[in-house]
Amino acid sequence: MTYISEALLYVCFAILTGSLLLRLVPERSRPPIHVPGGLLIACAAAIPVLSFMPIHQLASLYADEFELTYIEMLRSILLDVNAGKAWIWTALGSAGLLVLLGVRAFRSDKHMPKVALFVTMLLVIWLGYASHASSLSSIKGLVVHSAHFLAFTVWIGILFAAGWFGRSGDNWPAFLRWFSPLAIVCVVVTLLAGLTLMSMTTPQYVNSWMLPYGQALLIKHLLIVPLLLFAYTNGFLYKAVAIKNPDFNPLKWLRVEGSFALLVLAATAFMGQQAPPHTVKETLQTTSPSSFFTWLYKGAFSPDLALRATLQTESVLMLAAAALVAAGAVWSYRLDRPWIAWLLGLLVTVFAYMGLMFMIA
């Protein structure tokens with residue numbers, strides 16, 4: 001249940017950020033978009049509810065262990081733990097955001113979306129304050145986690161808002177002129193911040209594949225491959241395809257890209273509820289190995305295991321298959337076959353996953 005609430009929390013942030021940013025863009029520089037005001041209000045109301053779920057889980061889990069009532073445990077978490085303090089500020093910020101989004105002037109006033117966007121950015125920072133990285137290194141963790149999530153949310157939020165709520169592909173070239181450079185900057189920041197976070201939480205990357213957290217991290221990384229693939233086709237192949245096919249609709253391709261972003265968010269949500277493996281051997285003392293890993297690994301499992309990646313025939317064939325279907329996904333864009341491309345994008349992840357797992361098998 002907490003996995004789902006965490007994923008929905010990220011989607012709420014993305015919809016709010018993307019929708020508010022697009023309100024600041026002149027209509028001539030974006031496709032016609034209508035995000036229902038009720039949806040924005042629902043997202044703002046959902047943020048404190050969804051971000052409370054892990055706190056509720058902690059209070060329920062530790063109340064008996066510390067011989068406290070649920071309320072006493074909850075009070076202790078809210079007042080003494082970073083995640084609890086962050087939630088209080090998140091609840092207050094969300095209440096302010098609800099007021100801004102609810103007033104009638106929000107639709108016509110050109111400055112109120114800026115204020116609402118600023119409040120949303122503050123909520124992102126509080127999410128970073130509550131993160132695991134922030135508990136490891138207060139300033140560095142806060143900055144890196146916030147930058148990672150903010151960059152990804154800006155990129156994916158605009159993608160969601162334009163793809164799900166766009167009414168037509170009008171003004172698409174003008175939209176790409178500013179969105180493509182912005183998306184590239186966001187991708188670079190996301191990747192750099194993500195690598196920094198990984199060095200803090202998962203220093204033994206290959207060994208971490210024995211754990212559910214490491215498996216989710218690997219799958220997340222492999223889902224980013226088709227996501228970047230479709231970001232490339234949507235951003236750079238559009239002109240060539242649109243010239244050959246005047247009826248080409250870019251919105252359905254944006255939805256394909258957005259569906260992989262959703263899968264990345266789902267993997268991230270799963271990781272958020274797992275113990276980060278700072279030392280894999282120690283983590284395996286309290287956490288069961290991943291069922292995916294034990295299913296695919298052909299050797300005898302032991303917590304002392306040190307995994308090493310070596311090229312084998314099966315892994316080379318799988319990685320070659322992943323490269324071939326990736327090329328097929330790009331070709332599908334030229335043929336305007338989004339669902340075929342979506343399936344091929346998924347196969348890229350599956351084949352690459354099998355190829356990497358066979359390397360350590």
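User: Why is Asp336 called buried?

Analyst: Its relative accessible area is 14%. Buried means under 20%, exposed over 50%, and partly exposed in between (1.4 Å probe, protein chains only). At 14%, Asp336 therefore counts as buried. The model is predicted: local features need pLDDT of at least 70 and side-chain atom pairs pLDDT 80 or more, while totals for chains, interfaces and linings use all residues. Residues are numbered from 1 along each chain as its sequence is written, and side-chain values use heavy atoms, without hydrogens and water.

User: What makes Lys252 and Asp336 a salt bridge?

Analyst: Their closest N and O atoms are 3.5 Å apart. A salt bridge needs a side-chain nitrogen of Lys or Arg within 4 Å of a carboxyl oxygen of Asp or Glu. At 3.5 Å, the pair therefore meets the cut-off. The pair joins distant parts of the chain, 84 residues apart: Lys252 sits in helix H11 (residues 250–272), Asp336 in the loop between H14 and H15. The structure holds 1 salt bridge.

User: Is Lys252 buried, partly exposed or exposed, and how do you know that?

Analyst: Lys252 is partly exposed, because its relative accessible area is 28%.

User: Which residues does Met210 touch?

Analyst: Leaving out residues up to four places away in sequence, Met210 touches Val280, Leu284, Pro289, Ser290, Phe293, Phe301, Ser302, Leu305 and Leu307. Contact means heavy atoms within 4.5 Å. Met210 and Leu307 are 97 residues apart in sequence, yet 8.7 Å apart in space, C-alpha to C-alpha.

User: What makes the nonpolar surface patch?

Analyst: Ile184, Val188, Leu192, Leu195, Tyr232 and Phe236 make it, with about 610 Å². Patch members have over 30% relative accessible area and no salt bridge; nonpolar side chains (Val, Leu, Ile, Met, Phe, Trp, Tyr) are joined within 5 Å, like charges within 9 Å. Areas come from the Shrake-Rupley method with a 1.4 Å probe; for residues, only the protein chains shown count as cover. H8 gives the most, 4 residues.

User: Why does Leu192 qualify as exposed?

Analyst: Leu192 has a relative accessible area of 54%, so it passes the exposed cut-off. Leu192 is in helix H8.

User: Which residues touch the most other members of the largest nonpolar core?

Analyst: Phe13, Leu97, Leu101, Trp155 and Phe175, out of 73 residues. The largest share, 12 residues, comes from H7. A separate second core of 19 residues includes Leu218, Tyr297, Ala322 and Met354. A nonpolar core is a set of buried Ala, Val, Leu, Ile, Met, Phe, Trp, Tyr and Cys residues joined through side-chain atoms within 4.5 Å.

Key: Helices (H or I, at least four residues) and strands (E, at least two) are DSSP runs, numbered from the N terminus.
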